[in-house]
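This report covers two topics: how the parts of the chain meet, and what surrounds the ligand.

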Amino acid sequence: MPSPPLLEVRDLHVQFPTPTGVIEAVAGVSFTVAAGETVAVVGESGSGKSVSSLAVLGLLGGGRVTAGSIRFAGGELVGADAERLRRLRGAEIAMVFQNPMSSLDPLFTVGDQVAEALRAHRPLTRKDAQRRVVELLREVGLPDPQRRARSYPHELSGGQQQRVMVAIGLACEPALLIADEPTTALDVTVEAQILALLRRMQREHGTALLFITHDMGVVAEMADHVLVMYAGRVVEQGPVAEVLSAPRNPYTRALIDSIPTPTTPRDAPMPAIAGTVPHPSEMPGGCRFHPRCPSALDRCATGEPQLYDLGPGRASRCWLHEVDAPVNEEEVSGVG
Ligand SMILES: Nc1ncnc2c1ncn2[C@@H]1O[C@H](COP(=O)(O)OP(=O)(O)OP(=O)(O)O)[C@@H](O)[C@H]1O
Ligand SMILES: [Mg+2]
């Protein structure tokens with residue numbers, strides 16, 4: 001029997017109360033991440049990427065998991081008590097977010113903050129912690145780590161701050177690192193450096209990576225497996241090379257067509273897909289993508305397609321597959 005995946009998310013549903021009623025931000029998402037593997041989650045703004053990963057960490061704020069299961073290293077996290085989740089975060093599952101400045105505390109030196117991450121989960125003397133801090137800052141490529149450890153966050157560049165966040169994330173050698181758009185706030189050169197750093201860390205420490213991005217170019221560079229999300233659902237998944245070379249879902253195709261070229265301004269909107277992801281309170285009937293889909297048929301407006309099994313590890317949610325493949329939700333939900 002193959003060993004169970006490190007992370008196994010099954011049929012996850014997440015709801016938030018809002019002033020105008022309860023919304024469902026994530027509606028039946030399933031995926032797995034094996035030890036040492038990189039899984040990318042890609043999709044436009046509002047597709048449910050962050051909410052899916054925050055659910056894993058138990059950081060939904062006012063939101064809650066209303067159905068489904070999240071198993072990490074064999075243990076169920078849905079319904080786990082706050083203390084268990086707190087111990088898990090940082091020690092076994094670490095995270096790096098988009099904006100390092102909002103994650104770092106301006107009042108403490110970066111060395112103190114890395115040390116705190118170390119000491120939160122491990123008994124270390126102050127001196128050993130300091131030594132390890134300098135090692136970690138060196139490992140993530142900060143120049144003059146001894147001196148940098150005594151710097152305050154505002155004294156570092158955005159790229160250096162994100163390196164500190166990676167050091168904090170890796171301080172306890174987690175089995176899984178969740179990176180949510182870790183390079184979106186950085187310029188292209190620094191982005192390339194941080195992506196290279198994450199890949200090296202992963203190779204050296206065998207860390208599994210759940211990598212969230214809206215950029216298909218980054219997916220190609222980073223991941224083994226990709227999960228394409230749209231409006232709270234998975235619409236396509238599969239090995240990166242296959243999905244990128246032969247996307248089966250019209251939404252994936254549109255995302256790939258919108259990969260920026262070197263001349264595209266970095267914060268330009270995606271050119272290929274007109275319109276935006278519908279808000280959960282205004283979900284269209286039928287296929288959630290049909291109002292924007294260049295291939296939409298009449299039936300796309302009335303019924304929502306299942307995820308169709310398209311071969312080992314591949315699945316896509318589109319009526320166009322009905323002639324190609326039988327529905328097999330059970331089997332494809334094991335994809336990871
Ligand atoms: N705390 C919250 N309260 C109410 N609605 C929320 C909350 N957090 C997220 N949502 C809604 O859930 C949906 C999914 O949001 P999510 O943040 O997961 O998107 P995303 O794919 O990460 O987008 P982005 O690329 O902008 O980060 C959105 O419609 C969003 O408005
Ligand atoms: Mg997000």
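In this predicted model, 20 residues of domain 1 are in contact with 12 residues of domain 2. Domain 1 is made up of two segments, 7-92 and 174-284, while domain 2 covers 103-173. Between the C-alpha centres of domain 1 and domain 2 the distance is 26 Å. About 1300 Å² of area is buried between domain 1 and domain 2. Carbon and sulfur atoms give 64% of that buried area.

The second topic is the ligand. Around ligand 1 there are 14 residues, of which Ser45, Gly46, Lys49, Ser50 and Val51 come nearest. By residue class, the shell around ligand 1 consists of 5 nonpolar, 6 polar and 3 charged residues. Two elements, strand S2 (21-33) and helix H1 (49-57), each supply at least two residues of this shell. Helix H1 gives the most to the shell, with 3 residues.

| Residue | Polar atom of the residue | Distance to an oxygen atom of ligand 1 |
|---|---|---|
| Serine 47 | backbone | 3.2 Å |
| Lysine 49 | side chain | 2.8 Å |
| Valine 51 | backbone | 2.9 Å |

Lysine 49 uses a polar side-chain atom instead, at 2.8 Å from a ligand oxygen. Taken alone, ligand 1 exposes 640 Å², and the protein buries 68% of that area.

Technical notes. Residues numbered from 1 in each chain as written. Chains lettered and ligands numbered in written order. Predicted model: local features only at pLDDT ≥ 70, side-chain atom pairs only at ≥ 80, totals over all residues. Heavy atoms only, no water. Near = heavy atom within 4 Å. Polar contact = N/O pair within 3.5 Å; in protein donor to acceptor, adjacent residues only side chain to side chain. Areas by Shrake-Rupley, 256 points an atom, 1.4 Å probe, with all protein chains shown as cover. Helix = DSSP H or I, 4+ residues; strand = E, 2+ residues; numbered from the N terminus. Nonpolar A, V, L, I, M, F, W, Y, C, P; charged D, E, K, R; others polar. Domains from an automatic or database assignment. Contact = heavy atoms within 4.5 Å. Buried area = accessible area lost by both parts, 1.4 Å probe.
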